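Try each task before reading its solution.

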Amino acid sequence: MFSKLTNALDFQSKGLVLRAERQRVIASNIANADTPGFSGRDFDFKKAMAEATSGPAFPLATPSSGPNSDGTTNARHIPISNIDSSTLGDNSRLAYTLQTQPAMDGNSVDMDRERANFVDNSVRYEATLRFINGSSRTILSAIQGQ
């Protein structure tokens, strides 16, 4: 029964982690805008979210002495392998952005697009935070009987 109450929070928390990782990737693109030969990177949020939510919401807890292959130390933790920087850094997770304006130094970062992506992702991150906050307040008031 408790899992039914927290499924929405679980979904939103995974989205929040993915939004934070996307913000890091976009910030890296902006930071390397003047680096010769740098290729901008990004990932498909929809695909990453589908991968992150494909497993069970609350698997049975099994104690572990060290990190699992998905980066967790407990089966109840949210797996971060889909968004870990080491796995997103390979070609299968992070895609290169399309170059809209060729540069002489081979840099593919379009600052206007990156700024727009940064702001869009920031707004969506904030909206996800507000949803989580509202949901947790609702659950808390239901527990307290208010």
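**Exercise 1: the whole chain**

Among contacts (heavy atoms within 4.5 Å) in the protein chain between residues at least 6 apart in sequence, 71% join residues at least 24 apart. This is a predicted model, where local features need pLDDT of at least 70, side-chain atom pairs count only at pLDDT 80 or more, and totals for chains, interfaces and linings use all residues. Residues are numbered from 1 along each chain as its sequence is written, and side-chain values use heavy atoms, leaving out hydrogens and water.

Task: find the order of helices and strands in the protein chain.

Solution: Begin with the inventory, 4 helices and 2 strands. These are DSSP runs numbered from the N terminus (helices: H or I, at least four residues; strands: E, at least two). Along the sequence, the pattern reads α-β-α-α-β-α.

**Exercise 2: helix 2**

Task: identify which residues of helix 2 are buried, and explain why they line one face.

Solution: Helix 2 spans residues 45-52, and its buried residues are Phe-45, Ala-48, Met-49 and Ala-52. Buried means under 20% relative accessible area (1.4 Å probe, protein chains only). Viewed down the helix 2 axis, the buried residues fall within an arc of 100° (taken from the directions from the axis to the C-beta atoms), so they line one face. An α-helix has 3.6 residues a turn, so residues three or four places apart point the same way. As for their partner, the buried residues of helix 2 pack against helix 1 (2-31).

**Exercise 3: Glu-21**

Task: decide whether Glu-21 is buried or exposed.

Solution: Locate Glu-21 in helix 1. Its relative accessibility is 11%, so Glu-21 counts as buried.

Terms used:
Buried < 20%, exposed > 50% of the residue type's maximum accessible area, 1.4 Å probe, protein only.
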